[in-house]
Amino acid sequence: MASLLLVDATDLPTVDRTTPPLDDGRVTVSLPEDWTWAPRSKDYLVRAQMSRDARYPNVTVYAEAAPEMEDASSENAKKLAETFRATLDKELAPRGLKLEEPVHAIQIGGFFGVEYVRLAKIGADSVERLFLVTVKNSRKYTLELRTLQGSLPRFRPFGRAIAASMEFNPDEQAVGAASAP
């Protein structure tokens with residue numbers, strides 16, 4: 001089984017624009033100050049792009065029910081990576097597709113989950129799609145960062161910083177903080 005990739009969140013870009021609670025109050029996400037928010041949609045929790053004038057890089061966060069999965073943690077992140085690897089292999093192989101970078105377990109600050117990269121053609125653009133996925137409270141949260149092919153090394157730190165910023169059950173944390181002595 002692969003090892004857990006440890007990323008020091010203090011080495012990542014600053015993300016300081018926090019969303020209001022999303023996904024029925026289950027999560028907040030922070031983005032870099034200068035990124036442009038996309039209009040709201042029922043298809044995703046939040047979407048933003050680095051520049052109003054350029055489509056890439058952009059980031060989208062999705063949520064879906066995952067009642068069969070346990071919360072991602074340091075104890076099970078490697079097992080979660082194996083599960084995702086097997087699922088993606090089954091999904092991609094019949095279509096002749098493969099991952100650009102394999103699934104691996106990752107910890108970024110308090111974020112535990114998996115990371116992998118796929119390539120895609122979107123219109124005339126060849127793009128790299130970085131996925132960071134975690135599971136909390138029977139919900140799977142997927143962050144997708146899209147960049148023009150060849151620019152992922154430059155923008156991967158933004159995707160990781162945004163993933164590390166995710167706070168789960170923010171309403172409960174605020175209540176707990178308010179009632180603390």
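Predicted model: local features only at pLDDT ≥ 70, side-chain atom pairs only at ≥ 80, totals over all residues.
The largest pocket comes first. Its volume is about 390 Å³. Twenty residues line the largest pocket, and the closest to its centre are Met69, Leu80, Thr83, Phe84 and Lys140. Helix H1 gives the most, with seven residues.

Helix H1 also holds several residues of interest. Ala77 is one of the residues in this helix. Ala77 has a relative accessible area of 0%, so it counts as buried. Its contacts, leaving out residues up to four places away in sequence, are Leu4, Ala105, Gly113 and Val114. Ala77 and Asp125 are 48 residues apart along the chain, and their C-alpha atoms are separated by 33 Å.

Glu82 and Arg85 both belong to helix H1. They sit three residues apart, about one turn of the helix. Their side chains form a salt bridge, with N to O at 2.6 Å. Glu82 has 31% relative accessibility, so it counts as partly exposed.

Glu91 lies in helix H1 as well. Glu91 pairs with Arg118 in a salt bridge, and the closest N and O atoms are 3.7 Å apart. This pair links distant parts of the chain, with Arg118 in strand S9 and Glu91 in helix H1, 27 residues apart. Glu91 is partly exposed, at 37% relative accessibility. Glu91 can also be placed against Pro20, 71 residues away along the chain. The C-alpha atoms of these two residues are separated by 34 Å.

The structure holds 13 of them. One joins the side chains of Arg26 and Asp23, at 3.2 Å from N to O. Arg26 is partly exposed, with 27% relative accessibility. Asp23 is buried, with 12%. Both residues belong to a network of salt bridges that links Asp23, Asp24, Arg26 and Arg139.

Arg17 presents another case. This residue is in strand S2 (residues 17–18). Arg17 is buried yet has no salt bridge. The side chain of Arg17 comes to 3.2 Å from the backbone oxygen of Glu33. Beyond its neighbours within four places in sequence, Arg17 is in contact with Val29, Ser30, Leu31, Pro32, Glu33, Trp35 and Trp37.

Strand S7 (residues 54–65) contains Asn58. The relative accessible area of Asn58 is 12%, so this residue is buried. The side chain of Asn58 reaches the backbone oxygen of Arg55 at 2.9 Å. With residues up to four places away in sequence set aside, Asn58 touches Trp35, Ala48, Gln49, Glu144, Leu145 and Arg146. Pro57 lies in strand S7 too. The peptide bond from Tyr56 to Pro57 is cis, with omega near 0°.

Backbone geometry supplies the last group. Most residues other than glycine have a negative phi, and most peptide bonds are trans. Phi of Asn137 is near 50°, a positive value in a residue other than glycine. Ser138 is not a glycine either, and its phi is positive at about 65°. Asn137 has 38% relative accessibility, so it counts as partly exposed. Ser138 is partly exposed, with a relative accessible area of 35%.

Conventions
Residues numbered from 1 in each chain as written. Heavy atoms only, no water. Helix = DSSP H or I, 4+ residues; strand = E, 2+ residues; numbered from the N terminus. Buried < 20%, exposed > 50% of the residue type's maximum accessible area, 1.4 Å probe, protein only. Lys, Arg positive; Asp, Glu negative; His and termini not counted. Salt bridge = Lys/Arg side-chain N within 4 Å of Asp/Glu carboxyl O. Polar contact = N/O pair within 3.5 Å; in protein donor to acceptor, adjacent residues only side chain to side chain. Contact = heavy atoms within 4.5 Å. 1 Å grid on protein atoms, 1.4 Å probe; cavity = no way out; pocket = protein on both sides within 12 Å on 5 of 7 lines; lining within 4 Å. Points joined across faces, edges and corners; volume = space filled by probe spheres on them.
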